[in-house]
Amino acid sequence: MTHRTNLCALRESAFLAQGHPCFYCLHPMWRADAKAFAAAHGISRDRARMFRLTAEHLTAKMDGGRTIASNIVAACRYCHHGRHAQFPGAASDPEAYSFFVLLSVAAGVWRAKGPTVEHPCRPPRGRAAKNSLLSQREYH
Ligand SMILES: [Zn+2]
């Protein structure tokens, strides 16, 4: 089993075990159909992209975190991106980041801005590709 295949399986397991909400913001996520998700939640497809399911390493790979079930949770793309890109100081502590996210959700400021990067499983194109800060990193 390849690393990617294993991670996708762990992502699916975490998604089901969590009952579909994001580990951090507790918002529902989608894994296959952004259009249906957008319609169900009354949001644009662009905005729905923030809620795409990703696999999150609680202990980051750069910190030695392994791709095993106990270290993988299901997180929406926005929270996943935010943990690693926008709040690097909090990235080492998933509990602190979770607390930060929930406070931000309660204050109504979470997702005030859209994500600035594309998911690497679907490489960014055009302006998004030029602006992508995370194109060298591996997100699932
Ligand atoms: Zn989230």
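# A walk through a predicted protein chain

Let us start with α1, which has 15 residues and spans 21 Å between its first and last C-alpha atoms, close to the 21 Å expected at 1.5 Å a residue. Please keep in mind along the way that this is a predicted model.

Which residues of α1 are buried? They include Leu 10, Arg 11 and Phe 15. These residues lie on the same side of α1, because they cover an arc of only 140 degrees around the axis. What do the buried residues of α1 pack against? Their partners are β1 and β2.

Now step back for a view of the whole chain. The protein chain holds six helices and two strands, and their order along the sequence is α-α-α-β-β-α-α-α. The chain has 140 residues, and 26% of them count as buried. If we take the contacts between residues at least 6 apart in sequence, 53% of these join residues at least 24 apart.

β1 and β2 pair in the antiparallel sense, over five bridges. You can follow this pairing at two places: Leu 53 stands opposite Cys 76 in β2, and His 57 stands opposite Ile 72 in β2.

How many of the five residues of β1 are buried? Five of the five are, so to speak, under cover. Both faces of β1 take part: Leu 53, Ala 55 and His 57 lie on one side, Thr 54 and Glu 56 lie on the other, and all are buried. β2 is mostly covered too, with five of its five residues buried. Here Ile 72, Ala 74 and Cys 76 point one way from the strand, while Val 73 and Ala 75 point the other way.

UniProt has an annotation for this part of the chain: an unreviewed entry places the feature "domain: HNH" at residues 52-85.

Next comes the nonpolar core. The largest one has 23 residues, and those with the most contacts inside it are Cys 22, Tyr 24, Cys 25, Ala 74, Ala 75, Cys 76 and Cys 79. The elements that give two or more residues to this core are α1 (3-17), β1 (53-57), β2 (72-76), α4 (77-86) and α5 (94-106). Which of these elements gives the most to the core? β2 does, with five residues.

Leaving aside residues up to four places away in sequence, Tyr 24 touches Ala 75, Cys 79, Tyr 97, Ser 98 and Val 101.

Finally, let us return to the end of α1 and follow the chain onward. Just after α1, Gly 19 takes a positive phi of about 75 degrees. His 20 also has a positive phi, near 90 degrees, in a residue other than glycine. To put that in context, most residues other than glycine have a negative phi. His 20 sits in the loop between α1 and α2, and counts as partly exposed because it has 14 C-beta neighbours inside 10 Å.

Pro 21 is found in the loop between α1 and α2 (34-41). Not counting residues up to four places away in sequence, Pro 21 touches Leu 26, His 27 and Pro 28.

One of those contacts, Leu 26, has a feature of its own: a positive phi of about 70 degrees, although Leu 26 is not a glycine. Leu 26 is placed in the loop between α1 and α2. It counts as partly exposed, because 14 C-beta neighbours lie inside 10 Å.

How values were computed:
Residues numbered from 1 in each chain as written. Predicted model: local features only at pLDDT ≥ 70, side-chain atom pairs only at ≥ 80, totals over all residues. Helix = DSSP H or I, 4+ residues; strand = E, 2+ residues; numbered from the N terminus. Buried ≥ 20, exposed ≤ 12 C-beta atoms within 10 Å, placed from the backbone. Contact = placed C-beta atoms within 7 Å. UniProt positions renumbered as here; feature names shortened; annotations may be inferred. Core = buried A, V, L, I, M, F, W, Y, C linked by C-beta atoms within 7 Å. Pairing = 2+ DSSP bridges. Expected span 1.5 Å × (residues − 1). Arc of directions from axis to C-beta.
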